[in-house]
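Work through the exercises below with the structure in view. Try each task before you read its solution.

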Amino acid sequence: MTMTPGDLILRLLFMLQTGTGVLGNTFLLLTYTSTACTGQTPRPTHLILTNLAVANVFFLLFKGIPQMILTWGLTHTLGNMGCKLVTYFHRTARGLSLCTTCHLSSFQAITISPKTWGWIKLKDAALKKVGFSCFLCWISNLLINIFVPIRVGALQHSHSATKTHNLVLCSSSKNHTTFYAVIHTILITIPDVVYIGLMAGASVYMVLLLHSHRQRVRHIHTLSTPHRFSPEAKATQTILLLATTFIFFYFINSIFIIYHPVFNESRIWLHHTTTFLAACYPTISPLVLILQDPQTPSFCSFMVRKTFPN
């Protein structure tokens with residue numbers, strides 16, 4: 001089979017995306033899990049960010065690598081059980097990434113809230129339940145996607161499979177009742193709507209708080225004493241950037257996914273576009289955190305001292 005320049009660009013693009021994302025998230029995992037070695041006190045959000053990095057790595061491994069296999073034309077490589085496991089874990093990782101980003105946005109919104117009695121009580125509860133909330137994200141997504149392997153399997157060597165062999169590695173079974181399809185759609189859609197709604201609400205609330213804070217600062221500081229953002233405000237801006245990035249790619253990707261069944265399109269560019277957009281957030285989010293996190297330089301210098309001791 002002759003490889004066209006377009007095929008080469010596509011293969012390099014997915015390799016670059018998956019490789020960059022895996023390396024970036026692995027670096028974040030090393031940074032956050034080795035905070036104790038650098039002598040710095042871990043922030044409460046570090047556990048959430050560690051959970052996010054794990055979710056991103058799982059997504060890129062179980063979605064990015066199969067997509068790379070597909071671009072090389074190897075369509076019958078996973079087998080029936082392989083398709084079920086890969087689809088289940090990539091769907092779970094996707095939901096976990098959404099849940100964790102929502103958790104991060106909500107936690108930060110509570111953290112920067114006014115220090116009234118009600119907010120202080122909620123803030124204390126949020127701090128104590130960080131680990132439990134991460135655990136709930138895992139359990140809920142593992143259970144929500146438990147039905148996914150039932151309707152997914154390897155491509156069969158048939159006329160329909162021949163038509164779509166360039167599009168997918170696995171196929172969805174259509175031998176299920178309408179009731180099952182409706183239940184499955186509800187289980188997949190409702191958590192997304194809830195998480196996106198909470199994330200958007202927390203983001204708008206944080207924007208309003210930051211704007212109010214900036215207005216107060218203008219009245220306190222003069223032009224001769226410029227104000228610098230507090231670490232908490234910078235962390236809030238970073239989390240806002242993460243939430244905005246997720247919501248942006250989520251809605252753009254959703255448009256392409258809806259376009260496929262509505263207009264009965266089965267073109268290869270549509271499949272590759274939706275897959276690429278789905279993997280953008282797991283690839284970009286670690287880069288945003290690495291560039292914005294003040295602990296990254298400390299970890300880098302620590303690793304240099306360990307690697308090249310005097």
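pLDDT is the predictor's confidence in each residue, from 0 to 100. This is a predicted model, where local features need pLDDT of at least 70, side-chain atom pairs count only at pLDDT 80 or more, and totals for chains, interfaces and linings use all residues. Residues are numbered from 1 along each chain as its sequence is written, and side-chain values use heavy atoms, with hydrogens and water left out.

**Exercise 1. Confidence**

Task: State the average pLDDT of the protein chain, then find the elements with the lowest and highest mean pLDDT.

Solution. Start with the whole chain. Its average pLDDT is 78. A score of at least 70 is reached by 71% of the residues. Now go element by element. Helix 6 has the highest mean, 93. Helix 7 (residues 159-164) has the lowest, 44. Over residues 158-166 the pLDDT is below 50. This stretch has seven contacts in the model beyond near neighbours in sequence. (Contact means heavy atoms within 4.5 Å.)

**Exercise 2. Elements and burial**

Task: Count the helices and strands of the protein chain, and give its share of buried residues.

Solution. Helices (H or I, at least four residues) and strands (E, at least two) are DSSP runs, numbered from the N terminus. The count is 12 helices and two strands. From the N terminus, their order is α-α-α-α-α-α-β-α-β-α-α-α-α-α. Next comes burial. Buried means under 20% relative accessible area, exposed over 50%, and partly exposed in between (1.4 Å probe, protein chains only). Of the 310 residues, 40% are buried.

**Exercise 3. One residue**

Task: Is Tyr32 buried or exposed?

Solution. First locate Tyr32: it lies in helix 1. Then read its relative accessibility, 6%. Tyr32 therefore counts as buried. Last, find Thr45, 13 residues from Tyr32 along the chain. The C-alpha atoms of the two are separated by 9.9 Å.

**Exercise 4. Helix 3 and helix 6**

Task: Describe how helix 3 packs with helix 6.

Solution. Two packed helices are described by the angle between their axes and the distance between the axes. Axes are lines fitted to C-alpha atoms, for helices over the stretch in contact, and angles run from 0 to 180 degrees between N-to-C directions. Helix 3 (residues 45-71) and helix 6 (residues 130-144) pack at about 20°, with axes 9 Å apart. So helix 3 is roughly parallel to helix 6. (Under 35 degrees counts as roughly parallel, over 145 as roughly antiparallel, 65 to 115 as roughly perpendicular and the rest as oblique.) Finally, name the residues. Leu47, Ile48, Asn51 and Val54 of helix 3 meet Val130, Gly131, Cys134 and Trp138 of helix 6. By class, this contact has six nonpolar, two polar and no charged residues. (Ala, Val, Leu, Ile, Met, Phe, Trp, Tyr, Cys and Pro count as nonpolar, Asp, Glu, Lys and Arg as charged, and the others, Gly among them, as polar.)

**Exercise 5. Helix 4 and helix 5**

Task: At what angle do the axes of helix 4 and helix 5 cross?

Solution. The axes of helix 4 (residues 79-111) and helix 5 (residues 117-128) cross at roughly 140° and come within 9 Å. Helix 4 is therefore oblique to helix 5. In helix 4, look at Phe107, Ile110 and Thr111. They meet Trp119, Leu122, Lys123, Ala126 and Leu127 in helix 5. The classes are six nonpolar, one polar and one charged.
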